[in-house]
Protein chains: 2
Amino acid sequence: MNLTVLLHDTRTRLLESAILQFAAKGFDGAGIREIAKGAKANSALVTYHFCGKEGLYLEALKAIFTRKVSPVAALASIPPAGSPGAREAALQGLQDYIRAFITELMSCDGTDPIDEAAMVLMAREMQAPRKASAPLLLEHLAPYVTHLTACLQVLRPDLDEEALFNMGVSIQGQIIHFRNSLGIIRLLRGSPDYPQDLEKLIQHYTDFSLRGLGVPEAFPQPRP
Amino acid sequence: MNLTVLLHDTRTRLLESAILQFAAKGFDGAGIREIAKGAKANSALVTYHFCGKEGLYLEALKAIFTRKVSPVAALASIPPAGSPGAREAALQGLQDYIRAFITELMSCDGTDPIDEAAMVLMAREMQAPRKASAPLLLEHLAPYVTHLTACLQVLRPDLDEEALFNMGVSIQGQIIHFRNSLGIIRLLRGSPDYPQDLEKLIQHYTDFSLRGLGVPEAFPQPRP
DNA sequence: CGAGCTTAATCGATCGATTGAATTCGTCAA
DNA sequence: TTGACGAATTCAATCGATCGATTAAGCTCG
C-alpha cells in the first residue's frame, strides 16, 4: 500500500491532476499519460473510470463548478419588489454579491494550486465552451443571473428588461474580466503582485457598479 | 496557375487558414495538415515560410493585431489637463474610445469569418497568452491604456494612480468581457441574435462607464 | 541556367484507446 | 480467525492513427 496516496482514491487523484493539466495546457495539449503520471496512476484508468479523455474533462469541469460556483449562488434571497425595506435589502444584496464573487474568484492566492487551475479552466470554458459542456455551464451560471437580476430589478424598476440585462452583464463583466485577464493586467500595471489590497479592490468594484447602475447613494457630491 | 488562388499568395492563404483553424481548435488542436488543406497548399510550406507551427502562430497573431487593434489606437489625442476645454475634450475622447472599441470588436457580423476568428484568437491570447506572444500583446495594447488613462486623468484629477488604473480596467473589462463571452451571454439571454441594436449597446456602455467613473453629467436626476 | 517555391513521400515521436493478465478488495462459508 | 471466491481495480504492453518536421525531387519564373 502506497503511503503518499492514501489521502485520496485513484479517481479523485486523476481528477485533480486533470484539472491541473487541462488548465496548464488545454484539452488537446494535455495528454492522459501525463495526467496519469501526475496522479501516480496508470493511463488506462482514464478510460476505466471516465470512459476516456473527454469524460475525464467533463467530470473535472463538474467538480470545479460544484466546488467554486455553487457556494456563491447560495446567497440570501431578497424581499420582493415593493415590500418595505426591499430597496435597502437589494442594495445590500448587490454589495454582498459583488463581495462574494470577487472573494471566491480571488480565493486562490497560491495556497492551493488546484484552485488556481480551476479558475483558469473555468474562465477558458466560459469564453470558449466545448460543445459537450455548454449545458453544464448554463446550469451552474443560471442562479447567479437570477439573483443579480432580482437585485437590479428592485434598484432600477424604471428600466426595461433588456436594459437590466445589460446592467447585469456590465457588473459581472468587469469582475470576470479582471479575474480572467489578471495576467495581462499585471503586465500592463508592471507589478506582479497586484492587487495587494483585496478590500480596496472590492470597494472599487462595488462603487463603480452602484454608480454605473445609477444608484444615487453611491454618487459623489456634484461639483459646484 | 490556379485561378481560385490568384487573389492571395500562398503565404497569405496559409496565414488566413491558420487564423481560422487556430481560433476553432486552439494551438494544439489545429494541425498543420488541415491548415495547409484550408489554404490549398502543402503542409511542408509551414516550415518553409514560417519556420514551423509556432512561427506560423506568431505571424498569425501579428497579422491580427496590426489589422484589428492598431487602427483603434489611432484616436485623436486629448489636450493636456488644465488647458481650456480639456474636460470637454476628455469626455468626448472617452466616448469616442468606447464607441470605437465596441465597433471594432463587433465588426464581424458573419460577413467575414476571418474577422470573427481573429477575435476569438485575440481573446484567447489575452486570457492565456503563450509565452512567446506576451511581448507582442503588450506592444499592441499599450497605446490603448495610454489613451484611456489620459482621458480618465482629466476627468477625475482627484483620484490617485491606482484608482485611475482600476477605473480603466473596469471600463475596458465590461466591453472585452461582453465580446469574449458573447456565446454564453446569448445562451443566458436565450436569443442567438443579441444584440440587435448596436447603437443601444454603445449607449449603455458609455453611460455605465461615465457614471461608474463618477462623471456628474451622466448621472440621472436624483430621486425626490 | 539558377534561385525561389512547391510537391509527394517518409521520418520518429506521441497520441488516445484497448487488451488481457495481475492485483486488491469485500464477503461469506468453514 | 481463516481461507477462498467473485467483483472491482490496477497494471504493463501494444494497437492504429496522427502529429510536426524533414528530405529530395520537381516546378516556375526572371
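Colleague: Before the numbers, what is a salt bridge here?

Modeller: A salt bridge is a side-chain nitrogen of Lys or Arg within 4 Å of a carboxyl oxygen of Asp or Glu. The model is predicted, so local features need pLDDT of at least 70 and side-chain atom pairs count only at pLDDT 80 or more, while totals for chains, interfaces and linings use all residues. Residues are numbered from 1 along each chain as its sequence is written, chains are lettered from A and ligands numbered from 1 in the order in which they are written, and side-chain values use heavy atoms, with hydrogens and water left out.

Colleague: How many salt bridges are there between chain A and chain B?

Modeller: The count is four between chain A and chain B. One salt bridge joins the side chains of A:Glu162 and B:Lys200, at 3.7 Å from N to O.

Colleague: And how many residues of each chain are in contact?

Modeller: Chain A has 54 residues in contact (heavy atoms within 4.5 Å) with 52 residues of chain B.

Colleague: Turning to DNA strand D, which residues come nearest?

Modeller: Of the 17 residues around DNA strand D, the nearest are A:Thr10, A:Tyr48, A:His49, B:Arg33 and B:Lys53. A residue counts as near if one of its heavy atoms lies within 4 Å of the strand.

Colleague: Where do the side chains of A:His49 and B:Lys53 lie relative to the phosphate oxygens?

Modeller: A polar side-chain atom of A:His49 is 2.6 Å from a phosphate oxygen of DNA strand D. For B:Lys53, the distance from a polar side-chain atom to a phosphate oxygen of DNA strand D is 2.5 Å.

Note on methods. Polar contact = N/O pair within 3.5 Å; in protein donor to acceptor, adjacent residues only side chain to side chain.
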